[in-house]
Amino acid sequence: MRLPGRIAAAIEVLTDVETRKRPVSEALKAWGLNNRFAGAGDRAAIGNLVYDALRRRSSYAFAMGADTPRALVLAAVLRDWAEAPEALNAAFAEDSHAPEPLTAEEIAGATASLDGADEATQADMPEWLLPSLKRAFGGDLAAEGQAMAGRPSLDLRVNALKATPEKVAKSLSRFSPEPTAYALMGFTMPAGPRDARTPNVTTDEGYQKGWFEVQDQGSQMVSALAGAQPGEQVLDLCAGAGGKTLALASTMGNKGQIFAYDSDRNRLAPIYDRLKRNGVRNAQVRAPHPGALDDLIGKMDRVVVDAPCTGTGTWRRRPDTKWKLTPDLLAQRQADQAAILEEALHYVKPGGTLVYITCSILPEENDDQVAALLAAHPEASSVDIAKAWRSTLVTEMPAGLATSGGGILLTPHRTGTDGFYCHLIRKAA
Ligand SMILES: C[S@@+](CC[C@H](N)C(=O)[O-])C[C@H]1O[C@@H](n2cnc3c(N)ncnc32)[C@H](O)[C@@H]1O
């Protein structure tokens with residue numbers, strides 16, 4: 001397929017996403033099944049166009065004067081992929097699979113200024129979240145929003161239980177991985193422009209052998225900040241598929257014990273294979289049944305809460321969720337988080353640490369939750385996050401990452417990572 005056909009396909013997929021309220025990944029898969037002639041390169045390019053259109057949905061709609069799937073995809077091609085309108089119309093004229101030619105208004109949209117747009121549109125973020133986002137970012141809102149509207153890198157974490165960075169770098173040398181800026185065992189491969197494909201690292205023999213995991217650098221950093229030590233008793237209370245569990249096991253060198261729990265059996269299911277592939281021998285999976293964790297109350301050196309959240313920190317990867325988030329969903333997540341934090345503190349032994357993590361950038365899910373916990377529990381107090389950074393990430397914490405409430409917030413703009421919040425809380429001895 002040439003570019004005109006790919007553009008037409010992206011418009012079709014985005015229409016499917018919008019009219020049937022489908023996740024992008026599902027709509028792309030369905031399109032691929034119905035159009036088996038399309039190769040992997042075509043599917044990747046169409047996916048890039050749809051994701052790029054959604055990442056900048058509000059500023060593209062402003063520039064184009066319309067928010068139809070056609071307007072959004074064309075805006076991505078003209079404004080991000082930097083196709084010249086005249087060249088595009090010439091290509092459309094020669095391709096029977098092309099969309100209708102660009103109109104004069106659409107051509108004007110290619111260079112339309114965003115100067116007259118409101119703050120939310122300039123930041124490509126939902127307007128109803130502006131008060132929260134301003135609390136989080138103040139005057140950096142537009143820069144934070146634009147970084148959040150870019151493409152994410154592909155990051156890997158070397159599994160110290162099975163490999164060294166040198167071994168992984170050699171195995172993946174064809175993709176030219178670069179060491180991550182902050183995470184000590186990470187590699188990164190920047191996203192390419194336009195129709196660039198994401199390297200398929202999971203087919204590498206090193207992945208099959210458990211030498212590395214795909215994990216955003218931000219997720220690696222908060223896992224490191226958790227500060228788990230070899231020999232400790234650690235509860236991963238929201239373990240899900242085990243991304244953090246695996247990172248904790250790697251830093252603990254298989255010494256001590258990790259209890260991996262999740263209230264949702266389906267989310268927990270992949271953890272068994274992942275633990276095996278990673279050579280983790282110190283993790284015990286606790287399936288959700290009544291009283292599953294009763295024996296751990298008051299005994300844990302560390303309880304990690306990777307809380308269910310709005311996922312606002314991962315808008316680069318799942319831009320459709322940026323526009324689907326509602327006040328009700330946010331309120332639901334806040335209620336879940338308050339309950340889980342309260343429960344988590346029971347498992348921490350006196351003198352132990354509660355690690356609160358979210359992939360959200362919203363203060364309501366981050367500092368506010370911790371402030372409420374600390375207010376209700378005089379035995380709990382914030383741990384100095386800069387000190388924790390120094391001992392786990394082995395550098396000085398860069399300025400501007402600490403939150404006013406005593407946590408840390410990573411973002412695409414600040415650290416080139418997904419948005420992650422982490423707060424360490426000590427229970428008095
Ligand atoms: C952010 S995800 C965890 C991701 C996982 N830690 C990882 O790194 O791959 C949050 C998880 O919390 C789980 N969860 C939600 N409510 C819970 C509860 N009350 N107790 C334990 N887990 C819960 C969800 O099922 C979900 O898997």
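This report walks through the domains, ligand shell, cores and selected residues of a predicted model.

## Basis of the model

Residue numbers start at 1 in each chain and follow the sequence as written. Because the model is predicted, local features need pLDDT of at least 70 and side-chain atom pairs count only at pLDDT 80 or more, while totals for chains, interfaces and linings use all residues.

## Domains and their contact

The protein chain splits into domain 1 (3-117) and domain 2 (217-427). These bounds come from an automatic or database domain assignment. Taken over C-alpha atoms, the two domain centres are 37 Å apart. Seven residues from domain 1 and four residues from domain 2 form the contact. Two residues are in contact if their C-beta atoms, placed from the backbone, lie within 7 Å.

On the domain 1 side, helix α3 (residues 40-55) gives the most, with three residues. Helices (H or I, at least four residues) and strands (E, at least two) are DSSP runs, numbered from the N terminus. By class, the domain 1 side holds five nonpolar, no polar and two charged residues. Here Ala, Val, Leu, Ile, Met, Phe, Trp, Tyr, Cys and Pro count as nonpolar; Asp, Glu, Lys and Arg count as charged; the others, Gly among them, count as polar.

A UniProt annotation from an unreviewed entry, "domain: SAM-dependent MTase RsmB/NOP-type", covers residues 144-428. UniProt positions are given in the numbering used here, feature names are shortened, and annotations may be inferred rather than shown by experiment. Residues 144-428 are 34% helix and 21% strand, with the end C-alpha atoms 37 Å apart.

## The ligand shell

Which residues come nearest to the ligand? They are C238, G240, G243, D264 and D306, out of 16 residues around the ligand. A residue is near a molecule if its C-beta atom, placed from the backbone, lies within 6 Å of it. The shell has six nonpolar, four polar and six charged residues.

Helices α14 (243-252) and α18 (327-347) each supply at least two residues of this shell. α14 is mostly covered, with nine of its 10 residues buried. A residue is buried if 20 or more other C-beta atoms lie within 10 Å of its own, exposed if 12 or fewer, and partly exposed in between; the C-beta atoms are placed from the backbone. The buried residues of α14 include G243, K244 and T245. Just after α14, G253 takes a positive phi of about 60°.

For "binding site", the unreviewed UniProt entry lists D262 and D306. They are spread over 45 residues of sequence but cluster in space, with a largest C-alpha distance of 10.3 Å.

D262 sits in the loop between β6 (257-261) and α15 (265-268). D262 counts as buried because 24 other C-beta atoms lie within 10 Å. Beyond four places in sequence, D262 touches C238, A239, G240, R267, L268 and P288. D306 belongs to strand β8 (residues 300-306). D306 is buried too, because it has 26 C-beta neighbours inside 10 Å. Setting aside neighbours within four places in sequence, D306 contacts C238, K244 and I357.

## Nonpolar cores

In soluble globular proteins, nonpolar side chains tend to be buried together. A nonpolar core is a set of buried Ala, Val, Leu, Ile, Met, Phe, Trp, Tyr and Cys residues joined through C-beta atoms within 7 Å. The largest one has 76 residues, and V303, V305, V355 and I357 have the most contacts inside it. Apart from neighbours within four places in sequence, V355 is in contact with A226, R302, V303, V304, V305, C422 and L424. A second, separate core of 34 residues includes V13, V50, A61 and A71.

## Residues between the domains

D124 is not a glycine, yet has a positive phi of about 50°. D124 lies in the loop between α8 (119-123) and α9 (130-137). D124 counts as buried because it has 26 C-beta neighbours inside 10 Å. R194, also not a glycine, has a positive phi of about 45°. R194 lies in the loop between β3 (186-189) and α12 (205-208). R194 counts as partly exposed because it has 15 C-beta neighbours inside 10 Å.

G206 lies in helix α12. G206 is buried, with 21 other C-beta atoms within 10 Å. Outside four places in sequence, G206 contacts V168, S171, L172, W211 and F212. The C-alpha atoms of G206 and Y60 are separated by 41 Å.
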